[in-house]
Amino acid sequence: MQLKRRSFFKLAAVGAVTAVTTPCTVKAWESKAPQDSYGCLVDISRCIGCRKCEQACNAVNELPTAARSFDDLTVLDEKRRPDATKFTVVNRYNTGRIDDKGLLVADFVKVQCMHCQDPACVSACITGAMSKHSNGAVHYDASKCIGCRCCMVACPFEIPAYEYHNPITPKVMKCTFCETLQREQNKPPACATICPTEAITFGKRNTLLNLAKKRLHDNPGRYVKHIYGEKEVGGTSWLYLSKVPFAKLGFIKLPFNPLPRLTETLQHSLFSYLWSPALLFTLLGGVMYRSHKKQSAHQPDNTQQPGGAL
Ligand code: SF4
Ligand code: SF4
Ligand code: SF4
């Protein structure tokens, strides 16, 4: 049976009304954050900017030999970012802070992947090359990567870097959370082990949060009352304590909601509506209606049926 054009448009209109009035059954977004994962607490007030963590990271990940020695502290004169050749960097900030002896002192901030609890990079990766492991690590699997670099765009901390210099098998590069060391040798991340001042503490994320809260409680006035990473973007595996407001140390102010909550809800809503037969029918009707109008405008109307029926 052939569907007449007018009947089709009527049905399309019914489809539109149905699509708009039928409640859409979009599943509520659910966090995939592991409950008993590991993390690191960085106490910025303990960091002396020695760059030993950078050196250990370079060695354990077999990264290219650094152009300048890790003993060379003049690199701290510039602000640096992790990139394809270094998974962590330490930056110096002169904020005018005065220490207990009345001396002007700098603060040093170690930067690496935060291993977010609900990572935007994982949500953005359509091939599953980025995944959140139950131990807390956000893992990159080069064998699944198609080089689209959506993870780089999605990351609110601008962490993933791309090996542009590698023309054969370029990869996304970022801190691995020393997952191999943890899994195969039952050791903490190399940067945490090497730190001479114990500025980095490795442990269960919940235990680290309690430790951070205890330090805040036991040392009134020593720290700003904020554990960076406890709530930012839904929480991160790496947590920070500081004497100086985080905004003065290069930390960006981020919402507490996990970013995938918004992006995935939008995606799911869109797909849910698009897969609705009613809406598909409506869209199809719209396309046909437009093309019919275009045709009518350019052609003499010789399709009139007796009585004006189509
Ligand atoms: S910091 Fe960026 S790369 Fe690391 S887990 Fe979070 S979103 Fe992913
Ligand atoms: S956890 Fe491992 S890979 Fe990440 S910064 Fe520390 S040493 Fe580097
Ligand atoms: S090894 Fe420890 S003290 Fe030295 S720069 Fe890294 S975090 Fe700071």
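# Briefing on a predicted protein model with two ligands

In this predicted model, the side chain of Ser 242 places a polar atom 2.6 Å from the backbone oxygen of Val 244. Of the contacts in the protein with a separation of 6 or more, 60% are between residues 24 or more positions apart.

- Ser 242 is found in the loop between β9, which covers residues 238-241, and α8, which covers residues 259-274.
- Because its relative accessibility is 0%, and buried means under 20%, Ser 242 counts as buried.
- When neighbours within four places in sequence are left aside, the residues in contact with Ser 242 are Ile 44, Tyr 223, Val 224 and Leu 249.

- Thr 88 sits in the loop between α2 and β2, the latter being residues 89-98, and with a relative accessible area of 4% Thr 88 is buried.
- The side chain of Thr 88 makes a polar contact of 2.9 Å with the side chain of Lys 110, and the side chain of Thr 88 also reaches the backbone oxygen of Val 111 at 2.8 Å.
- Not counting residues up to four places away in sequence, Thr 88 touches Cys 53, Glu 54, Cys 57, Pro 82, Lys 110, Val 111 and Gln 112.
- Thr 88 and Cys 53 are 35 residues apart along the chain, and their C-alpha atoms are separated by 7.9 Å.
- Val 111 belongs to strand β3, residues 104-111, and is counted as buried because its relative accessibility is 15%.
- The residues that Val 111 touches, not counting those up to four places away in sequence, are Arg 81, Pro 82, Phe 87, Thr 88, Val 89, Asn 91, Ile 159 and Tyr 240.
- The C-alpha atoms of Val 111 and Gly 250 are separated by 9.8 Å, although these two residues are 139 residues apart along the chain.

**Arg 51**

- Arg 51 is placed in the loop between β1, residues 38-43, and α2, residues 52-60.
- Although arginine is in the charged class, Arg 51 counts as buried, at 3% relative accessibility.
- A polar contact of 3.0 Å links the side chain of Arg 51 with the side chain of Glu 54.
- Leaving out residues up to four places away in sequence, Arg 51 touches Ser 69, Phe 70, Asp 72, Leu 73, Val 75, Leu 76 and Arg 80.

**The two ligands**

- Around ligand 1 there are 13 residues, and those that come nearest are Cys 113, Met 114, Cys 116, Cys 121 and Cys 155.
- By class, the shell around ligand 1 divides into 11 nonpolar residues, one polar residue and one charged residue.
- Ligand 2 is surrounded by Cys 57, Asn 61, Thr 88, Lys 110, Cys 175, Thr 176, Phe 177, Cys 178, Pro 189, Cys 191 and Trp 238, so that Thr 88 and Lys 110, whose side chains are joined by a polar contact, both belong to this shell.
- The shell around ligand 2 holds seven nonpolar, three polar and one charged residue.

**The largest pocket**

- The largest pocket contains about 530 Å³ of space, and of the 25 residues that line this pocket, Asn 61, Phe 87, Tyr 140, Lys 174 and Thr 176 are the closest to its centre.
- Two or more residues of the lining of the largest pocket come from each of the elements β5 (138-140), β7 (172-173) and α5 (179-185), and α5 gives the most, with four residues.
- Divided by class, the lining of the largest pocket has 13 nonpolar, five polar and seven charged residues.

**Cavities**

- A search of the whole structure finds four cavities of 30 Å³ or more, and the largest cavity has a volume of about 110 Å³.
- The largest cavity has a lining of 14 residues, among which Cys 47, Cys 53, Cys 195, Ala 199 and Ile 200 lie nearest its centre.
- The lining of the largest cavity consists of 10 nonpolar, two polar and two charged residues.

Terms used:
Residues numbered from 1 in each chain as written. Chains lettered and ligands numbered in written order. Predicted model: local features only at pLDDT ≥ 70, side-chain atom pairs only at ≥ 80, totals over all residues. Heavy atoms only, no water. Near = heavy atom within 4 Å. 1 Å grid on protein atoms, 1.4 Å probe; cavity = no way out; pocket = protein on both sides within 12 Å on 5 of 7 lines; lining within 4 Å. Points joined across faces, edges and corners; volume = space filled by probe spheres on them. Buried < 20%, exposed > 50% of the residue type's maximum accessible area, 1.4 Å probe, protein only. Polar contact = N/O pair within 3.5 Å; in protein donor to acceptor, adjacent residues only side chain to side chain. Contact = heavy atoms within 4.5 Å.
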